[in-house]
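Hi there,

Here is the structure I promised to pass on to you. Have a look at it first, and then read on for my notes.

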Amino acid sequence: MTDMRVNIAGVELKNPVMTASGTFGSGEEYSEFVDLNRLGAVVTKGVANVPWPGNATPRVAETYGGMMNAIGLQNPGIDVFCKRDIPFLQKYDTKIIVNVCGHAPEEYLAVVERLAEEKIDMMEINISCPNVNAGFLAFGQDPKHVEELTAEIKKIAKQPVIMKLTPNVTDIAEIARAAEAGGADAVSLINTLTGMKIDVNRRTFALANKTGGVSGPAVHPIAVRMVYQVANAVKIPVIGMGGVTTAEDALEFILAGATGVAVGTANFVNPTATIDVIDGIRAYMEKYGVKDIHELIGAVK
């Protein structure tokens, strides 16, 4: 019998596999395709203190080995989210991780405060989305700001806090250490890499926003390297993501030191990707006689 349970900041997940924010709606959108009860956790799309309309279209473009998006964190706002999305997820036997976004510290804090009374398991703080048209972009790229915001959030949060890191930095380990110093309970990475695509026939940008976040299989090796660096730089749990399409991809993150793994872009191509990854990890463990997933976490030094 293989034991796939993992513990992240005191929250026990039945397996390490979760959805990556922004690729799975808030769970309901995929519930006809995926048995949500089988997932370690559902990570919701980012939610802000008020509704955000998002960016102008086109917002999505295909790239080699992946995609690029500049959705601009469109979301219905925390009021609708608490009334509609959290109650839906509570019907399932899975952990609920709410992704929180904002343009300024007070916006994050308003959402964190509102979520304090809700029955959710954890929060993931998005300090890294490269599409938000605000000078705040540099926020997740500056260790001092990361530590300060983390500390402010931890003062009022009632649930464990995961800080989601941007890969668009010189030294990812430095940012992770700043989040840990601010009191983060865990870190997740990578968010998307900022990219650009130009339509040569129309001689214009493929995305109205000009730049967008690149995700999918093409970013996977970069993500594995960053997860390895971070796992060896901090003592808090790490959740790895970036181009996970198969169980092998997920296992790379786990062997590099990740306690949890998130599946993102793959959900768009294969709605059952998360289940395939869970089944594949179990098959791998059985094949190699691995009884407990902890034998694999960080096994490659």
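The chain exposes about 12800 Å², and carbon and sulfur atoms supply 53% of that area. Please keep in mind as you read that this is a predicted model.

Part of that surface is a nonpolar patch of about 310 Å², to which M196, I198 and V200 contribute. M196 belongs to strand β11, which covers residues 193-196. With a relative accessibility of 47%, M196 counts as partly exposed.

Now for the chain as a whole. It has eight helices and 16 strands. Its radius of gyration is 18 Å, close to the 19 Å that the globule rule gives for 301 residues, so the chain is as compact as a globular protein of that length. Of the 301 residues, 56% count as buried. The contacts also reach across the sequence: among those between residues at least 6 apart, 71% join residues at least 24 apart.

How many disulfides does the structure hold? The count is zero. As a reminder, a disulfide is a covalent bond between the sulfur atoms of two cysteines. Take C82 as an example: the closest cysteine sulfur to its own is that of C101, and at 13 Å this is too far for a bond. A disulfide would need the two sulfur atoms within 2.5 Å. Both of these cysteines are covered by the protein: C82 is buried, with a relative accessible area of 8%, and C101 is buried too, at 1%.

On to the charged side chains. Side chains of opposite charge can pair when their charged atoms come close. How many salt bridges are there in this model? The count comes to nine, and here are three of them.

- R84 and D85 form a salt bridge, with their closest N and O atoms 2.8 Å apart.
- R5 forms a salt bridge with E12, where the closest N and O atoms are 4.0 Å apart. The cut-off for a salt bridge is 4 Å. R5 is partly exposed at 42% relative accessible area, and E12 is partly exposed at 44%.
- R202 and D199 meet through their side chains in a salt bridge, at 3.2 Å from N to O. R202 is exposed, with a relative accessible area of 55%, while D199 counts as partly exposed at 23%.

Some of the salt bridges share partners, and in this way D3, R5 and E12 are joined into one network.

Best wishes

How values were computed:
Residues numbered from 1 in each chain as written. Predicted model: local features only at pLDDT ≥ 70, side-chain atom pairs only at ≥ 80, totals over all residues. Heavy atoms only, no water. Patch = residues over 30% accessible without salt bridge, like charges linked within 9 Å, V, L, I, M, F, W, Y side chains within 5 Å. Areas by Shrake-Rupley, 256 points an atom, 1.4 Å probe, with all protein chains shown as cover. Helix = DSSP H or I, 4+ residues; strand = E, 2+ residues; numbered from the N terminus. Buried < 20%, exposed > 50% of the residue type's maximum accessible area, 1.4 Å probe, protein only. Rg over C-alpha atoms; globule rule 2.2 N^0.38 Å. Contact = heavy atoms within 4.5 Å.
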